[in-house]
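Here's a quick briefing to read with the model open in your viewer. Have a look at the fold, then go through the points by topic.

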Amino acid sequence: MATITRGARAVARGLREVLLTLAAVGGVLCILLVILAFTGGYSLIMFKTGSMTPTIPAGSVALVQKIPAADIAVGDVVTVDRDAALPITHRVTGVEQADQGEQRVITMKGDANDVEDPAPYTVSDVRIVRGSVPALANVIVWFGSPWVLGGVTLGASLLVVWAFWPRRERAAAEEPSGDVGGLAAAEEPAAPEALVVAGERRRDRRS
């Protein structure tokens, strides 16, 4: 029974360490994303449509970086903000100098589309795609559910309490029978006859 208890405690300690490690890794990733957002102009975008398939299929999440229009090149996959519409992410097919020196007029086309976008875009900066992960958007949307988010928050709180809850040493409680048995075997009470003989010896010495 004691062996099973110790094994269960070892498994619990291992599980706790794994969960704490995963939580720490997630925290570090969040901190890195915040730092990149403020220092390098990085952000994440989700793809709801498949206009960039097969390069970036629907449901992907891409890491994008804000760059000036002067750095745009044909072949780049960039995100352009549009008035009264959602941003669009397509591949650049042409770049021309605009009337203002810092701006560029670009044409774009989705990899899965047969024709270019209806009109060119005049931009002073864009967000260039640095990399993407397929199907990650579905996971992010799932975690964005209030029920899931609440469950994750509650689980993280319980994990912290579990990790830092004070633990008492139970070595004495785990091995009472062995210690008592050993003590009894080593210190058995003397027989009555032995006590009588010992008493007589003491009287002889005094006389």
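Predicted model: local features only at pLDDT ≥ 70, side-chain atom pairs only at ≥ 80, totals over all residues.

- Buried means under 20% relative accessible area, exposed means over 50%, and partly exposed is in between (1.4 Å probe, protein chains only).

**Overall layout**

- The chain has 6 helices and 7 strands (DSSP runs numbered from the N terminus: H or I of at least four residues for helices, E of at least two for strands).
- Reading from the N terminus, the order of elements is α-β-β-β-β-β-β-β-α-α-α-α-α.
- Of the 207 residues in the chain, 20% are buried.
- Take the contacts (heavy atoms within 4.5 Å) between residues at least 6 apart in sequence: 51% of them join residues at least 24 apart.

**The sheet**

- The 7 strands make an open, antiparallel sheet, ordered β1-β2-β7-β3-β4-β5-β6 (two strands pair if DSSP finds at least two bridges between them).
- β1 (42–46) and β6 (121–123) sit at the edges with a single partner strand each, so one side of each has no neighbour in the sheet.
- From one strand to the next, the twist averages 50° (axes are lines fitted to C-alpha atoms, for helices over the stretch in contact, with angles from 0 to 180 degrees between N-to-C directions).
- β3 (residues 77–82) and β7 (residues 125–133) run antiparallel and are joined by 2 bridges, and Val 78 has Ile 128 in β7 as its bridge partner.

**Around Asp 76**

- Asp 76 is in the loop between β2 (61–68) and β3.
- Its side chain reaches the backbone nitrogen of Ala 73 at 2.9 Å (a polar contact is a pair of N or O atoms within 3.5 Å; within protein, one must be able to donate a hydrogen and the other to accept it, and residues adjacent in sequence count only if both atoms are side-chain atoms).
- Setting aside neighbours within four places in sequence, Asp 76 is in contact with Asp 71, His 90, Arg 91, Val 92 and Ile 128.

- β4 (residues 85–97) pairs with β5 in the antiparallel sense over 6 bridges, and a hairpin links the two through 6 residues.
- The bridge partner of Gln 97 in β5 is Arg 104.
- β5 (residues 104–109) is two-faced: Arg 104, Ile 106 and Met 108 are on the covered side, with Val 105, Thr 107 and Lys 109 on the uncovered one.
- On to β6: 3 bridges join it to β5, again antiparallel, and Ile 106 stands opposite Tyr 121 in β6.
- Val 123 is in β6 and counts as buried because its relative accessibility is 6%.
- Val 123 and Val 80 are 43 residues apart in sequence, but their C-alpha atoms are 7.8 Å apart in space.
- Beyond its neighbours within four places in sequence, Val 123 has contacts including Val 80, Glu 102 and Ile 106.

**Gln 65 in β2**

- Gln 65 is in strand β2, and at 15% relative accessibility it counts as buried.
- Outside the four places on either side in sequence, the residues touching Gln 65 include Gly 40, Val 126 and Arg 130.

- Thr 53 and Pro 54 are joined by a cis peptide bond, with omega about 5°, and Pro 54 lies in the loop between β1 and β2.
- Ala 84 isn't a glycine, yet its phi is positive at about 60°; this residue is in the loop between β3 and β4 and is exposed, at 91% relative accessibility.
- Ala 135 also has a positive phi, near 65°, and lies in the loop between β7 and α2 (136–143); at 44% relative accessibility, Ala 135 is partly exposed.

Terms used:
Residues numbered from 1 in each chain as written. Heavy atoms only, no water.
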